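Let's learn to read a structure together, one feature at a time. Have a look, and then ask away.

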Amino acid sequence: MTEPLHEPQLALHVEDLTVSYEGKPVLWDIDIDIPPGVMAAIVGPNGAGKSTFIKSVMGLVKPTAGHVRIFGRPYAAQRRRVGYVPQRSTVDWDFPTTALDVVEMGLYGRLGWFRRPGKRERQAALHALEQVGMQDFLDRQISQLSGGQQQRVFLARALVQQADIYFLDEPMAGVDATTERAIVDILHRLRAQGKTVIVVHHDLQTVRSYFDWMVILNVRAIAQGPVATVYTPENLRKAYGGQIALIERSTFADDAAPAGGGRD
Amino acid sequence: MLALLGDYTIQTVAMGAALLGISSGVLGCFAVLRKQSLLGDTLSHAALPGICIGFLIAGSRDIGTILAGALVTGAASALVVLLLTRMSRLKTDAALGIALSVSFAIGVVLLTHIQGGGNASQGGLDSFLFGQAAAILRGDLWIMGGVTLSALALVGLLWKEFKLVSFDPGFATSLGLPVVALEVAMTTMVALAVVVGLQMVGVVLMTAMIVAPAVAARQWTHSLGGMVTLAALFGTMAGVSGAVISATVRGLSTGPLIVLAISAIVLISLVLAPGRGLAWASLRRRRDRRRLAGRQVLSTLYGLAAEHGDQGYRAELGALDTFHGTPTRQTLQQLERRGLVAPVTHAPETTPHWELTKAGFAEARRIDDAPEGDDR
C-alpha cells in the first residue's frame, strides 16, 4: 500500500461526493465524517439519497465526483474491515437455499476463488446465527422465514464478516417490535466492542434512543454530529420541510415536558 | 425395445439428447434464478444468423464452424441487450424482444438466401429451425460432449461465486467479486447450452430446454445443488424420451417431442410437488379451512357455555347454523370424531343439539387463551 493514508483517524470520511442518476443529482457535494466507535443513523426524507449514499460508499454505485475513505484507505483496500447488510427487499427470498448457507456467504470474500466453505465456515456461521437468535432455523429454507427472521439472517451474514465498520441499509424496515429490539441490541453490542455501525434509518422517533451519532441527509448533507446536538427542530425542518409538522408534535413534545427524554 | 437400444442411430440420438438435457438443465437453473429465462429465447433465435454465416464461411455443413457461428451471434445478441438496457431507457424485456426479432429476421433472410443459391450441400440447414435428431453424427457428439463438460467444470469451479451472484449481486460486489465478469460467464454458458441443443431441438423451441427443467426442479427441492442435479436429470429424461420416440416413429419431429416431454414433467411438478405443488397447496387450504371452521364452532359452543354458566350447555344445531351463517353439521361431526363434542337431545325439543365434551371444553379454552395466529 504505497498510497499515503488520508484521514485515518476517521472510520468513514466522505469528501465532495456527488452521485447523479440520469443527469439529476441524487447526492450533491457531500462531506461526511464519522469517527470510529459510534452508532450513526443516516436519516432523511424519501428520495434523499440515503441508500445511494451507502451504495456509493460500498462501490455499488459509481460516484460522479468525490472520494470515500474507510480508516484512511479506499474501500477496495478495506473490504475485509467492512460488513454490509443490504435492504432485505433487494434479493429474491424464494432462492433455493437455507439460512445457514446465506450466512456462510459472508465468508465467500475471505475464502477466495474456487474454495468451498468447510467446517470452519460452518462453525462461524452457526455462531453468528446464535448471536441473532436464529440457531433453530439454520436448515430452514429462506422463503419460509418471516420478514424479521430474514432480516436477522442478513445481519448474521454481516456479523460473520468480523468487520470493524458495518453498513446497514434500513435493517428495521418492516420488522416487528421484538425483532427491532433484538437488532438494536446486537448493534449496541457491536458498538460496545468498539466497532463503528452506520445505519440508514427511517424512523425519526427512535433515533435518540438507539443512536449516538446522526447524519441528516437530503441530497445535501444537512447536519451531522452527536445526536444530542444535531437532533433539533431547525435541522429536521431543513431536511423534511413541511412534513416535519407531523413529526414535530410527537418527537419534541416530550422535550417540553419536565421529565423529558425518559421515553423508551 | 432392446433391439431399439442397440440401433446405432438411436444410440447416437439418445446420447446427444442426454448431453443436451444435462447442459441446458444445469445452466438453465442459473438463468431462471437470475430472472433471465427469456435470455435463452433471444440467444437461441440469434443463433440462426450465426448458423448461416458459419455455413457460408465453411461452404459446407461443417458442424464445428456452424456452432461456432451460432455461439458468436448468440453472444453478440446478449451484448446488444446489455448495451440497450445500459445506454437507453429500454427495459430488459423490450431489449430482449428487439434483439430476438431483429436477429431472427436476419437469420431467416440469410437462410432463404442460401437455400435459393442452389448450393447442393445446404440440404438440411433449415433443420436447425426445429431440430432434427436423426441428422446428428457420432462426431457431433464429441463437440456436444466437450461443450457440456467444460460448462459443468466451470459451474463446479465457480459454484459459490455463481450462487452468490445469482442470489445477491449487490453483496457480491461489496465482497469484491467481479460481478459483471461472472454474469457474462453465466450468460455465455447459456449461449453454450443453446449451441449444444441447436441440432436436437432447433432455435425456435430451445428456450424451453433452458427454462423448463429448472422450473420443474425448483418445485422439488430447497437447495441449489438439488435443483441443479434434478434439472439435469429432468432434462436428460425429456431429451432421451423425446429423441427415442421421434427416431422410432416416422414423421415426428424431435425438437417438439422433447419439448412436449419436458412440458409434461413441468406440469407434473407444478401440480404434485410436495410443499410447492398446486395440489399440495389446495389440500393444505382445505385442511386449514376445516380446522378453522372447527375452531370457530368450538369457540361458539364455549362462549355459549360461558354465557349460561353451564359447562354442559346444549346448543341447538339451528342456532349454531344461524350464528355462523352456514351449515355446521359437517364440522360438528368432524369435531365429534375428534371427541370434542357430542350430539345430545334437549327435551322437550326434538331438534338435534350439541354439547362440548370435557376434552372439547379444554381445547376451546386453550384456543381462547392462545395468542392470535398460533394454531399449534
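Q: In which strand is Asp29(A) found?
A: To place a residue, look up the element whose residue range includes its number. Asp29(A) belongs to strand E2 of chain A, which covers residues 24–34. Keep in mind that this is a predicted model.

Q: Is Asp29(A) buried, partly exposed or exposed?
A: Here you compare a relative accessible area with two cut-offs: under 20% is buried and over 50% is exposed, with partly exposed in between. Asp29(A) has 33% relative accessibility, so it counts as partly exposed.

Q: What can the phi angle tell me about Asp29(A)?
A: Asp29(A) is not a glycine, yet its phi is positive, at about 50°. Asp16(A), in strand E1 (residues 12–21) of chain A, is also not a glycine and has a positive phi of about 55°. With a relative accessible area of 37%, Asp16(A) is partly exposed.

Q: Which residues does Asp140(B) touch?
A: Leave out residues up to four places away in sequence, and Asp140(B) touches Ile63(B), Ala135(B) and Gln199(B). The side chains of Asp140(B) and Gln199(B) are also joined by a polar contact of 3.2 Å.

Q: How is chain B divided into domains?
A: Read the ranges: domain 1 is 2–273 and domain 2 is 280–369. The C-alpha centres of these two domains of chain B are 58 Å apart.

Key: Residues numbered from 1 in each chain as written. Chains lettered and ligands numbered in written order. Predicted model: local features only at pLDDT ≥ 70, side-chain atom pairs only at ≥ 80, totals over all residues. Heavy atoms only, no water. Domains from an automatic or database assignment. Polar contact = N/O pair within 3.5 Å; in protein donor to acceptor, adjacent residues only side chain to side chain. Contact = heavy atoms within 4.5 Å. Helix = DSSP H or I, 4+ residues; strand = E, 2+ residues; numbered from the N terminus. Buried < 20%, exposed > 50% of the residue type's maximum accessible area, 1.4 Å probe, protein only.
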